[in-house]
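Please read the points below with the model open.

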Amino acid sequence: MNHEPTKRHTSQASEAEIMRALRHHLAGVEALVPDAPEWHESSASSQTGRRIQVHSRVRLALAPLVLVVVLVGLLIAGGFRHSPSGPAQVPSAAQPTARMPEVPSGSDCPSDQNVAVLDLAMSCLGPKVSAVTRAGSGMVGVILPDATTSARYTSYDAPYLGHAFTTAGYAGDQFRIDNASDSRGQVSIAQADIRDGARVLVVDPIDVQTGKQIQSLAATAGVKVIAYDRPIFAGPSTYYVGFNSEAAGTLIGQGLTDCALEWNVADPKVFELDGGEDTDPTALSTAGGYNNVLWGTGTTSTLPAGTTGGAGYTLVGDQIASAWMPGAAGSIFSDAVTAHPEINATLEASDSLANAVIQVLKARGVSPRTIPTTGQDATLQGLANILQGWQCGTVYKPIYLEAEAAVMLATYLRAGQDAPVALVNGDTTDPTSGVVEPSVLLRPYWVNAANMETTVIKDGLVSATDLCAVVGASLCSQYGIK
Amino acid sequence: MCTLERDGHARWLVIPYMGPIGTETAEQTLVEQKRPSRGQVEDVNDSFAYFYRERYRDVYRYALLMLRSASDAEEVTAEAFGRAYSAWRRGHGPQSESPLPWLLQIARRIVIDRGRRARLLAWVPLGLLAPNQEPQARDDTGRSEFWLWFELFARRLPPRQREVLILRYQRDLDDRAIGAILGLSTSGVRSLVSRACETLRRDPEVWR
């Protein structure tokens, strides 16, 4: 872009090309645009409005005087400036809205690092995929939901994606990350991206219909789509990047067995509380993962009481928490433990469900580190329960892995190359339509008290301050949370 | 980790682990200290304050590029939201689903009014001293690299062509919305954009 173009090249420049270049230049204005000053609805009309009205009234009343003063002033200054406002005010710099979480260091990259291993930082993989970046042309557009949907998009996804693009060798005008609060906004971003020459769209659709609509727009323009974190299930050129929920189940099962040993639970009599299998197929594959560990069967169906596994494990009950609802989970477990007081171990598919069970255990006077519970999502409450000895651990799905995988896959698709099998390592099937989406299924991690500091805290998912405010300084210092 | 606030979106597949937002659990109480709950989001969604927060930068950016002065942009933006708010309260909100074109229409009228006032002032004899009536990037915007480029851009493009490109830069606007702001049909917008591109083709140093 910096070279002097030939006349022929310039005269042939397409509208899209000019717009793209222009957009790049105009983006310089972003640093000059401040965030909104505080708005108080109750005082909006009385403050903003009054301020403006007073301004106008004063201006009207003083207009002749001001005019004379201005003219005299200008005469003296020997110049003329259109300056109806007061002294110049430089707007304050845009306030940061996102904290860039610490990206794992790639200082000790193994020499054989390749895209088959996605666990390491993009700083290791970036140089290796930059050749593919150079082989491609056009732009990659990323469309996320906005901060009102979840704080994660601006706080984590956007900075991680930007970092991954840069590390993979993209120039500033070769990728674009936007978000919108509604379906219409997401679709118009997609239209703008396509109009400006996007070759690949990475989309975290705000809902299923938006995803399908964007996919259809993209397909018409020959643009490939990567469904980011939520599958779209439409079109032959649509990929999915997300976490492997069966692997999450395996971690939960192993987490429980490790914990039962550590907490000296003899002959574990297990109550299993499954996720919302009635509404959510990932709950099914997660169940397949932990059932395989505990009972040696990868079944996703509810297992009968009396099922036995290795190491003296017996299943006392297995129930679904409909739609992952913790409220229902509490009463399910309360009934179960009343009917079967011998229950001495539990398995839950999420932190919310575990917390519901923990409330019942606390009400029954059970001490910490007695009856294990498990979870998923690394929520603040889940992490607090772990440090306080109520929960064994939780499944953590690092957002940066998703961001890096999406950028890597986008890089291959943009270059028109087949993505390595090690990257596109699985499929995701829509239980309704049966549509299969080739997928990058990422490995989740098990977080317990021992590795909390080096995982979720280091990655900035939960701040040590927030966590220690809940559990107290002594537990934090005991587990090295700082 | 991130699923709580995703209720209502594609729950059937990738949005697992969701508690019902209405159920009070200790976890949700904790989470809600950090993020708005779904109900709060809906409330905010409906309120003007939400649009103000969401769209302040968009209106400011437009005003800044049109007027090339940070203090003027600040004033115009405040006035635009002030006018919008009083219209909103009287029930004269945006006609379309998205409030942005409506807000920009209001801001545009204020910008035009200021231009008229400036031109009126220019009629007084001393106005003859003014080299032209086009705004220049003023000191309060700083002589940054961006403004040096923008001055070149502004010199080469007639005002309407410049404005349509500024609006095109605003990503949430399609040609129909830009047409609503400029008082043009969709094809009018397209033809204005092509004319602007034609001007730029003749002046590649502006955009290369």
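Which residue with a positive phi follows helix 11 of chain A? That residue is A:Gly365, with phi near 80 degrees.

This is a predicted model, in which local features need pLDDT of at least 70, side-chain atom pairs count only at pLDDT 80 or more, and totals for chains, interfaces and linings use all residues. Residues are numbered from 1 along each chain as its sequence is written, chains are lettered from A and ligands numbered from 1 in the order in which they are written, and side-chain values use heavy atoms, with hydrogens and water left out.

1. Helix 11 of chain A. This helix covers residues 351-363; helices (H or I, at least four residues) and strands (E, at least two) are DSSP runs, numbered from the N terminus. Its 13 residues reach 18 Å from the first C-alpha to the last, close to the 18 Å expected at 1.5 Å a residue. The expected span is 1.5 Å times one less than the number of residues. Because 10 of the 13 residues are buried, helix 11 of chain A is largely enclosed by the rest of the structure. Buried means under 20% relative accessible area, exposed over 50%, and partly exposed in between (1.4 Å probe, protein chains only). Among the buried residues are A:Asp351, A:Asn355, A:Ile358 and A:Leu361.

2. Helix 10 of chain A. Residues 326-339 make up this helix of 14 residues, which reaches 20 Å from its first C-alpha to its last, close to the 20 Å expected at 1.5 Å a residue. Its buried residues include A:Pro326, A:Gly330, A:Phe333 and A:Val337.

3. A:Asp377 has phi near 110 degrees, a positive value in a residue other than glycine. A:Asp377 sits in the loop between strand 9 (375-376) and helix 12 (380-387) of chain A, and is buried at a relative accessible area of 4%. In chain B, B:Arg68 is a residue other than glycine with a positive phi, near 55 degrees. The loop that holds B:Arg68 runs between helix 3 (48-67) and helix 4 of chain B. B:Arg68 is buried too, with a relative accessible area of 2%.

4. Aromatic pairs. Rings of Phe, Tyr and Trp (its six-membered ring) pair if their centres lie within 6.5 Å; planes under 30 degrees apart count as stacked, over 60 as edge-to-face and the rest as tilted. By this rule there are 18 aromatic pairs over all chains. One of them joins A:Trp295 and A:Tyr313 edge-to-face, at 6.4 Å centre to centre and 75 degrees between the planes. A:Trp295 lies in helix 9 (residues 281-295) of chain A and A:Tyr313 in the loop between helix 9 and strand 7 (314-320), so the pair ties together parts that are 18 residues apart in sequence. A:Trp295 is buried at 8% relative accessibility, and A:Tyr313 is buried at 5%. In chain B, ring pairs link B:Phe146, B:Trp147, B:Trp149, B:Phe150 and B:Phe153 into a cluster.

5. Salt bridges. A salt bridge is a side-chain nitrogen of Lys or Arg within 4 Å of a carboxyl oxygen of Asp or Glu. The structure holds 22 of them over all chains. In chain A, A:Arg195 bridges to A:Asp196, with the closest N and O atoms 3.8 Å apart. A:Arg195 is partly exposed at 29% relative accessibility, whereas A:Asp196 is buried at 1%.

6. Two salt bridges in chain B. B:Glu79 and B:Arg83 form a salt bridge, the closest N and O atoms being 3.1 Å apart. The two residues are 4 apart in helix 4 (residues 70-89) of chain B, and are therefore separated by about one helical turn. B:Glu79 is buried at 16%, and B:Arg83 is partly exposed at 33% relative accessibility. B:Asp175 forms a salt bridge with B:Arg190, at 3.5 Å between the closest N and O atoms. B:Asp175 lies in helix 8 (residues 175-182) and B:Arg190 in helix 9 (residues 186-202) of chain B, so this pair ties together parts that are 15 residues apart in sequence. B:Asp175 is buried at 9% relative accessibility, while B:Arg190 is partly exposed at 47%.
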